[in-house]
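Here are my notes on the aromatic contacts and the pockets. Please read them beside the model.

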Amino acid sequence: MKILVTFEIKTPYIDWRVAYDNHKSARLSAGINDIYAGHDIDNTASIICMFEAPSVESFTAFMTSPEVAAEAQEAGHMLETTRVIGLS
């Protein structure tokens, strides 16, 4: 299933992107494949990602695990702004 995720970051985009790229193996181990990760052309703090994952539930369970959530926050991800949308 394809999953669209949007959120805001409080760090420079390049710093967030390095952390995101460094976390790829953990996503792959959880069965989550990257399709796209970038930012709004007019706002580099507005992140848009698309993934392929078994389900929204498995994706959300991975992303909200304490370790992953802490790493995301450290990278600048403002967790309270996250929107996860399962796509048909």
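1. Basis. This is a predicted model, with pLDDT of at least 70 needed for local features and 80 or more for side-chain atom pairs, while totals for chains, interfaces and linings use all residues. Residues are numbered from 1 along each chain as its sequence is written, and side-chain values use heavy atoms, without hydrogens or water.

2. Aromatic pairs. There are 5 aromatic pairs (ring centres of Phe, Tyr or Trp, its six-membered ring, within 6.5 Å; planes under 30 degrees apart are stacked, over 60 edge-to-face, the rest tilted). Tyr13 and Trp16 have ring centres 5.7 Å apart and planes at 40 degrees, so this pair is tilted. Both residues are buried (under 20% relative accessible area, 1.4 Å probe, protein chains only).

3. Cluster. Phe7, Tyr13, Trp16, Tyr20, Phe51 and Phe59 make up one aromatic cluster. Arg27 sits over the face of Tyr20, 3.8 Å from the ring centre (cut-offs: CZ of Arg or NZ of Lys within 6 Å of the centre and within 35 degrees of the ring normal).

4. Largest pocket. Its space is about 280 Å³. A pocket is an open set of points on a 1 Å grid where a 1.4 Å probe fits, with protein on both sides within 12 Å along at least five of seven lines; lining residues have an atom within 4 Å of a point. Of 16 lining residues, Trp16, Ala19, Tyr20, His23 and Ala72 lie nearest the centre.

5. Second largest pocket. About 160 Å³ of space lies here. The lining residues include Val5, Phe59, Met63 and His77.

Methods
Buried < 20%, exposed > 50% of the residue type's maximum accessible area, 1.4 Å probe, protein only. Points joined across faces, edges and corners; volume = space filled by probe spheres on them.
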